[in-house]
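Take a moment with the sequence and the structure, and then read on.

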Amino acid sequence: MSDYIVEMRNITKRFPGIVANDNVSIQIKKGEIYALLGENGAGKSTLMSMLFGMYEPDEGEIYIRGEKTQIESPNHATKLNIGMVHQHFKLVSNYTIAENIIMGMEPMKKALGFIPMVDIKKANKEIAELSKRYGLEVNPEDVIEDVNVSIRQRVEILKMLYREAEILIFDEPTAILTPQEIQFLLDIIRGLRDSGKTIIIITHKLDEIKQIADRCAILNRGRLIDVLDVKTTDTKTMANMMVGREVNFKTDKKDPVFGEEVLKVDNITVKNKDGLPVVKNVSFSVRAGEVLAIAGVSGNGQIEIADAITGILNVDSGKIYLNGNDITDKTVRQRIDAGIDYIPEDRNAVGMVMDFTLAENLALKSYYNEPFSIRGILNRPAFDSYGNKLIEKYDIRSSQGNPTIVRTMSGGNQQKAIIGREIEHESTFMIFVQPTRGLDIGAIENIHRQIIEERDKGQAILLISLELDEVMNLADTIAVIYSGEIQTIADAKNLTLDQVGQFMMGVGSDE
Amino acid sequence: MNSIIIDGLVFALPLFIMAMGGIFSERSGVTNLALEGLQGFGAFTGAFAAVMIGTVSPDMSPTAIMLLALVFAVVGGVLFSLIHALLCIKLNADMVISGVVINILSMAFTEFLTKLINAGIFNMPSNKFVLTVTDKITVPGISKIPILGAVFTNLYIFEIIIAVIAVVAWFLLYKTKYGMHLRASGDNPHALDAAGINVAKTRLFAVMISGAFSGFAGMCFAYSISSSFSSTIYVGYGYIAIAALIFGNWNILPTFGACLIFGFARSGGYKLVQALEMPSSYQDLVMILPYVLTLVLLIFFSKRNRAPRALGVIYDKGAR
């Protein structure tokens, strides 16, 4: 009776303290690419988790191919030909690609005619054929830990295809990919659609939706806002609906007022663990009231520059000065106390102690000073009052406030906490590395505004980002790094996006 | 020379089967420090069964009794391992603590039971079950080959059984569906779960295998080392087996190599004491050789080796 392959009717799902989905209904046609758009915490993943059998809805019904179905487990979903690529891959790292794909559905043979064993040769052959058929080239015999994330994602996709999935769910598939890899993936997804599969893609990246999706459902705080035809809707409208208010892609900013030179990096070279130089004779300086952005493709030495300035890595040669003082041989804490703030790329590993509470994390750079610690003994009330102040000021949302374990918080709120902590810390110089990675538009806009605010207050700011848009939007001065060497440093006004892109590839130097 | 090989194997092979048990458990993700306790409890059940059978039917041959004792030891080991499985898999207890507790529990419990049973059933105030000496096998023909022949000389029947089990275990772990699931469970249980396979069940079987193998090993030690069961069975062989499987990088073949080294170090040490005509108290010095070797090898091996990634991590569906 129904021409929809998937119908979710009036779905409501509650978690303690939150309504993740509130009376959401979506209908998906066979053979279309259907996007679920929404900010972090809008309820996209929860909705799809229910379709994949990981949770059961509190209210509402799910129809698959017109039939009312209760999906009890991911196993059951697989039997209904539903497959899902999770944000966090579920792969066995010391197994080959083929072994990972066949696990649970192993082709068998009989050793000596009667002992059942896994037929790995047959598996390798089958996977090679499968990967060719869908253009997802992989070598079945490669071990997972030796291949990059893009290949791993292909393995996850092949896993679904091996199980003959007809309905493919992708949860934020492009978050971890480089631009080229993203294009490749989008092509694959289109190819899958053309071969008759139905695709559901969860994302908050508008341009990707624009590129591939046929229709797009917009969720905000658990509610379905609208379902749009992608062709006839512009990204600006989508963004506004997703965030629930007017969004500015371009951050308003005044002309910069440059002050004294705050940070000076003088001819530094940094070597990696293997003794190879990853930062080569790099020099630059950042003035008060200036945003200097280092643009570059990932892995060209930019993270090492940040780590050298903050003291996490030692420089092999060269000097670093902060406000005219040589800090090259200072410890990390001495540098913090001298006035360096650091918003690191890896929130979980470097930015926070994940199993500490929010209040403790907010005081992470000052806990050893009064009033947080008096004669070496921690003063809990000071943590709490300071925590309350920052939570309020930076709108950090969590389930319980101060005592919340930060691991349970969303990425956007973790980042708010880190940025709040660093801004509050007394400093003259701030490093932001990939400050908006993995965040949604609303949060990105907010962070960009804060960066500009800090600049206008007279902070010297070093921004390291892989997002070219972010660099172009915020920087007063742009340095482009390639292979550990600065290719150019110029006033942002004098560089176009294309030029920066050229320098990033190491081919822009002939003027 | 021959006696070094013969005695070395008698020690190395039970150690090896116990280490294999540890490999099964740990490759599935369950840390198993309980090997010591499992082998002790297995030896207790086996020895108790042997003494009972010997009393009930005195005509039965010692070899048949030993075979039955081994079966009972396996059952005892499996039963005792269920405690570890219950704590680590079902109740999400810390695996290291569970293992250590089981070792202490096993030692106290079997010591108590042995005294109780001896006093109650056999009317003998003793803290050990005495086992009958069994025949050993010498393979005709090949045992005449110089040096290598010693491998086939004066074999306990359990040594042959261990060799057969080892081949089966190797096949099970690396070539079958279950083995594949087991190893996946120790690397990324989420992946296994996503493939529709029950992680808890996979781990439960793995722990039971470790119980069976350890129980078997304990019985072998009871026969070969003291011809009896008493609390002297708890001298740390379980920990040496763990050391062996770590040196063997959680793989069966290299672990066999490590067990051989331990076995020959021990038997070679005894030989040395005899050859140098040292006073017998120096035998005790030799007893520490495997442990010293453990320490030395640890220094060299621990850097290179890699434990299963999910080893010791309680499987929690929700965690990422």
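Let us begin with one strand of chain A. All of strand S23 (residues 477-482) of chain A lies inside: 6 of its 6 residues are buried, so the strand is largely enclosed by the rest of the structure. Please keep in mind that this is a predicted model.

Which residues point which way from this strand? Thr477(A), Ala479(A) and Ile481(A) point one way from S23(A), while Ile478(A), Val480(A) and Tyr482(A) point the other way, and all are buried.

**Neighbours of the strand**

| Strand pair | Sense | Bridges | A bridge partner pair |
|---|---|---|---|
| S15(A) and S23(A) | parallel | 4 bridges | Ala295(A) and Val480(A) |
| S23(A) and S24(A) | antiparallel | 6 bridges | Ala479(A) and Ile489(A) |

Strand S24 of chain A covers residues 485-491. S23(A) and S24(A) form a hairpin with 2 residues between the strands, and in this hairpin Ser483(A) takes a positive phi near 55°.

**A closer look at Ala295(A)**

Is Ala295(A) buried or exposed? Ala295(A) has 28 other C-beta atoms within 10 Å, and 20 or more count as buried, so Ala295(A) is buried.

What does Ala295(A) touch, leaving aside residues up to four places away in sequence? The list holds Ser465(A), Leu468(A), Val471(A), Ile478(A), Val480(A), Val500(A) and Met504(A). Val315(A) is 20 residues from Ala295(A) in sequence, and their C-alpha atoms are 21 Å apart in space.

**Over to chain B**

In chain B, helix H3 (residues 62-90) packs with helix H8 (residues 199-226) at an angle of about 140°, and their axes are 6 Å apart. That angle makes H3(B) oblique to H8(B). The crossing of H3(B) past H8(B) is right-handed. Where these helices meet, the contact residues comprise 17 nonpolar, 9 polar and 1 charged.

**Where the chains meet**

Finally, how many residues of chain A are in contact with chain B? There are 18 of them, in contact with 15 residues of chain B. On the chain A side, helix H2 (74-79), helix H3 (97-102) and strand S8 (115-118) each supply at least two residues. By class, this side of chain A has 8 nonpolar, 7 polar and 3 charged residues.

Key. Residues are numbered from 1 along each chain as its sequence is written. Chains are lettered from A and ligands numbered from 1 in the order in which they are written. This is a predicted model: local features need pLDDT of at least 70, side-chain atom pairs count only at pLDDT 80 or more; totals for chains, interfaces and linings use all residues. Two residues are in contact if their C-beta atoms, placed from the backbone, lie within 7 Å. Ala, Val, Leu, Ile, Met, Phe, Trp, Tyr, Cys and Pro count as nonpolar, Asp, Glu, Lys and Arg as charged, and the others, Gly among them, as polar. A residue is buried if 20 or more other C-beta atoms lie within 10 Å of its own, exposed if 12 or fewer, and partly exposed in between; C-beta atoms are placed from the backbone. Axes are lines fitted to C-alpha atoms, for helices over the stretch in contact, and angles run from 0 to 180 degrees between N-to-C directions. Angles under 35 degrees count as roughly parallel, over 145 as roughly antiparallel, 65 to 115 as roughly perpendicular and the rest as oblique. A crossing is left-handed if the near helix is turned anticlockwise from the far one by less than a right angle, and right-handed if clockwise. Two strands pair if DSSP finds at least two bridges between them.
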